[in-house]
Amino acid sequence: MQHFNQLHLLLSRINVNRLCFSLPCVYIVLFALMLCTIGNVIASPLAANTKVNAKESTGIDNETDWQLYLQAPKQKLWQGQSSQWLLISLNPPSSKPQLKLPQSSDFEMVQSSPIAINQDNQTGWAYPINITANKAETLTIPAITLSYPNQSLSTPIKKVNVNAAKLTNKIKLEVTSNKQDIYLGQSIRLTTSVTLDYPVAALVAVNLRLPALVDEDLVVTQPWDKADDKDNKSIGLPVNGQRQIAKWQSLEGNKVKIQFTTIIKPKVAGTYSLAPATLYANVIDHLLLKPKKKFKGTQYVAYYNNNFFEEIDSNKNSHRVFTSSEPLSLNVKALPNNAPSNFSGIIGRPIIEASAAPTSVMQGEPLNYLLNIIHPDIETFDLPPLSKIPSFTQSFNLPGDASTLLTKTGTLTVNQSLFPRRPDIQVIPEFTLTYFEPKTGIFRDVVINNVPIQVTENSRFTFSDIETNDGVSLKNKIIVDEQGIWALRWQKSSENNGFNNSKPLLEQTWFILVLLLLPPVVALIMMLRPMRNRLNQRRALQPAYQLKKGLTQAKTIKSCDALLLLSRYCEQRFALPPSQFDANNVKRSITLCLDSGSRSANIQSNSESKSIIESLTAWIEDYQQRYGEVSTPATQQQNTQLLDIIELLEGILPPYIAQSVAPTAESQQIRKTPSISNSLIVLLVFSLTFLGHDNQAIADDMGSADSVKKINIEELHQDHQRALQLDIDSPHKGNLAHAKIAQQLSTFIGDESLNQTSLMYDIGTSWFQASRYGQSILWLRRAENQALNDEIISHNLNQARLKRLDQLPNDFAPPWLSKLHSMTNHPLWLACCWFTYCFAWLLIWRRLSNENNIVNAKHIQLAVLLLSIAILSQVARFNFKPEQSTAVVTSQEITSRKGPGLIFAPAFTTPLHAGTELRILKTDGLWSEVKLTNGAICWLPNRAYTKI
């Protein structure tokens with residue numbers, strides 16, 4: 001086809017008029033066309049046979065033979081530009097392959113992770129390979145081999161045309177080093193700077209190749225003062241296909257200079273000739289026509305604030321350019337042969353300061369030994385391990401390696417944990433480092449001074465390896481180990497499972513009622529006598545009561561002046577002065593009192609009231625007439641008649657209101673305050689009496705257990721013992737055995753012969769031993785709902801939560817709300833609330849028991865404030881409890897979504913894993929909206945979780 005296209009191009013260039021006068025040319029053209037056709041027929045089988053399969057190498061002839069070929073990219077190939085090729089492997093063997101990339105000076109090849117593919121109903125793998133051409137000519141890609149244990153295939157060699165880039169003088173590339181001659185063990189700083197005379201936005205598909213950074217004989221590290229990716233003067237630069245953070249600055253003429261530094265350390269001595277660095281880029285032409293503006297950076301972080309990594313847009317007119325730096329030569333000298341045996345390998349004198357924290361510890365307790373080091377080659381500084389120094393190992397245990405931290409001030413901090421062996425250790429010993437001094441060529445020593453410490457004897461010893469005298473008693477401090485899980489229970493329904501299935505005493509309803517009713521009952525009992533005395537005092541103030549008392553309690557009839565007592569009654573009842581006391585004035589006063597009375601509804605008819613008034617006036621006139629006759633004294637019958645008349649009169653008169661001193665404003669406020677306290681107390685009684693715990697029942701959907709064989713519980717117990725032994729011999733097989741035991745235990749749910757709480761606990765613990773932490777958390781949460789506040793279940797549940805991959809908080813509420821609920825649920829706070837409640841009842845008792853005892857207003861205000869706080873805290877305690885999870889993710893890994901379906905985008909950057917706890921908000925078909933323990937909301941398929 002290619003030849004035919006070339007022929008068509010040739011014909012288009014030939015002048016037709018000339019062709020008409022040259023018939024031999026026509027024959028030549030026809031003959032060439034025939035040759036091209038024959039060539040295409042011959043070449044087509046060869047082109048079609050670019051796929052190499054296993055039939056050619058193994059002789060197997062079937063449709064599922066292993067095929068291997070290299071798929072080229074569609075775009076053109078340019079010198080220095082990385083392009084992605086795909087090594088396609090169809091119908092491969094089932095074992096693990098090994099990909100071998102060939103070594104070539106013309107290409108640089110980098111392999112990526114394979115991808116599963118399905119092509120023409122054939123499955124296989126695609127191996128992405130990034131290939132970068134170092135030259136601009138027709139090059140040959142060597143064969144790439146993919147090997148399996150029994151067979152291997154190689155791709156055929158492939159010729160490709162690589163286009164050349166144009167050398168530009170508008171980009172200047174420089175690579176410099178701070179040293180030319182160094183000793184083996186020293187490092188040098190390479191500074192790479194790129195000066196751009198192009199607009200930064202006009203450069204795309206940039207690739208800066210530094211051969212020094214990929215040399216196998218050089219170790220490359222970042223300097224301590226490297227550019228910060230969040231600095232607005234930083235920019236991301238592609239170096240050898242990776243992002244390198246560099247700093248930029250503006251120059252005259254709106255030029256931009258990009259610069260970064262790397263540290264290289266040679267591995268072997270000798271002369272290093274570093275190849276020139278090369279920068280390739282595509283320049284977009286239409287952006288060059290715009291006036292060049294001063295580059296001001298962007299608002300994004302340095303990794304993404306430039307277009308250097310963009311692909312070439314075929315719609316944009318661009319041209320490929322490149323520039324190179326000058327080569328570098330390094331001389332790495334070997335160290336003298338007279339190096340001492342304790343030479344540390346450090347070149348140049350280091351400055352080391354030693355310290356310890358804390359300086360006072362007990363035997364066997366850790367302390368941190370800190371070394372602050374300053375050195376010219378601090379990025380590649382290697383300190384000999386302290387575990388190799390005998391003075392340290394004799395006095396201290398060093399169970400782990402030291403941790404290092406390179407600060408932003410060019411100081412290396414080494415942190416080593418030391419555990420003193422004996423209580424007689426007084427210092428961390430000094431030690432000597434031997435270093436090589438480059439200026440003099442002599443090996444010298446530097447001494448790190450000792451650090452004084454104090455080690456006290458620890459009472460926790462192990463006396464298994466020593467002998468003691470007779471009569472010596474050994475005492476060990478028993479401390480519970482917080483690591484690990486407790487064993488299974490295997491208990492029947494009739495046995496005591498050891499779990500705490502009851503609520504705490506402070507949450508029992510009867511106990512709360514006793515606490516609430518005790519203060520008012522005590523106050524009521526104490527107020528019985530004062531209230532009775534108070535009632536008698538108020539009754540004694542009634543005029544009718546005084547009249548009756550005066551008539552009935554007189555010793556003799558003669559000593560009883562009924563008319564005088566009646567005049568006092570009229571004075572108190574109707575404000576009738578004694579000087580105006582007579583029958584007519586009494587009648588008038590009673591009539592006025594009846595007319596101005598407020599109890600008109602209870603007043604009898606006018607005829608009855610007139611009859612009562614007439615009876616009283618008749619009695620007064622009759623008594624006055626008899627009083628005038630000395631020989632006719634008053635009789636008991638007249639007194640009884642007067643009392644009957646007064647009783648009838650009180651029935652039709654308004655109630656008597658005793659006149660008292662007008663209360664002050666302060667006393668009115670004090671007398672009104674107890675009513676506020678009473679209302680708050682009633683609110684507290686009702687709120688705390690009728691509020692209770694919402695005991696979360698076990699969800700109906702317990703999840704069906706796998707179809708396993710139903711066996712006896714005793715046999716299952718023996719299998720569990722064998723699984724524990726199998727954990728030691730073969731952990732993987734032990735996990736499988738525990739998983740099978742957990743499935744078989746699930747079939748006993750609902751069996752009345754077994755304690756269900758212990759059974760759920762055993763299932764969750766078995767799943768933990770099987771390393772299935774999602775199922776473990778699910779069943780331990782079910783057991784926790786059955787046995788509230790049990791320490792053993794809580795311990796195993798916490799251990800399972802520590803093992804899950806998603807380390808989320810275990811509470812749905814914010815941390816401050818959890819702390820507030822914990823504080824209001826503390827026994828000390830509950831006691832303070834109860835004493836505040838008792839204090840309020842004490843004030844009520846003092847106010848009601850004695851009217852003359854005026855309670856202080858400040859006490860009332862304090863009681864109201866404290867009682868309000870107590871009521872609010874207890875209402876919040878019962879109504880705003882920390883939410884418990886209602887479901888657990890049991891899928892090994894699931895991607896959460898922003899909506900109910902796979903069409904929605906993922907809710908988080910990473911998937912959720914088994915053991916993540918959640919609350920179900922709502923269900924929409926096969927999806928549910930859930931809330932995680934960190935407050936985040938997402939959608940999950942129903943199959944991904946199991947309800948508790």
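**Figure 1. Arginine 444 and glutamate 437 form a salt bridge.** In this pair, the closest N and O atoms are 2.8 Å apart. The model shown here and in the following views is predicted. Arginine 444 is partly exposed, its relative accessible area being 35%. Glutamate 437 is likewise partly exposed, with a relative accessible area of 21%. Side chains of opposite charge can pair when their charged atoms come close.

**Figure 2. A salt bridge joins arginine 573 to glutamate 650.** The closest N and O atoms of arginine 573 and glutamate 650 lie 3.0 Å apart. Arginine 573 belongs to helix α9 (residues 562-574) and glutamate 650 to helix α12 (residues 636-652), so the pair ties together parts that are 77 residues apart in sequence. Arginine 573 has a relative accessibility of 9% and therefore counts as buried, the limit for that class being under 20%. Glutamate 650, with a relative accessible area of 22%, is partly exposed.

**Figure 3. Arginine 781 and glutamate 784 pair within helix α17.** Their salt bridge brings the closest N and O atoms to 2.9 Å apart. The two residues are three residues apart in helix α17 (residues 773-786), which means that about one helical turn separates them. Both arginine 781 and glutamate 784 are buried. The pair is also part of a network of salt bridges that links Arg781, Glu784, Arg801, Arg804 and Glu917.

**Figure 4. Helix α14 comprises residues 713-729.** At 1.5 Å a residue, the 17 residues of this helix should span 24 Å. At the start of the helix, asparagine 712 places a side-chain oxygen within 2.7 Å of the backbone nitrogen of glutamate 714.

**Figure 5. Buried and exposed residues lie on different sides of helix α14.** The buried residues of α14 are Ile713, Leu716, His720 and Ala723. Viewed down the helix axis, these buried residues fall within an arc of 60°, so they line one face of α14. They pack against two other helices, α15 (731-746) and α16 (756-769). Arg722, Ile728 and Asp729, on the other side of α14, are exposed.

Note on methods. Residues numbered from 1 in each chain as written. Predicted model: local features only at pLDDT ≥ 70, side-chain atom pairs only at ≥ 80, totals over all residues. Heavy atoms only, no water. Helix = DSSP H or I, 4+ residues; strand = E, 2+ residues; numbered from the N terminus. Expected span 1.5 Å × (residues − 1). Buried < 20%, exposed > 50% of the residue type's maximum accessible area, 1.4 Å probe, protein only. Arc of directions from axis to C-beta. Contact = heavy atoms within 4.5 Å. Polar contact = N/O pair within 3.5 Å; in protein donor to acceptor, adjacent residues only side chain to side chain. Salt bridge = Lys/Arg side-chain N within 4 Å of Asp/Glu carboxyl O.
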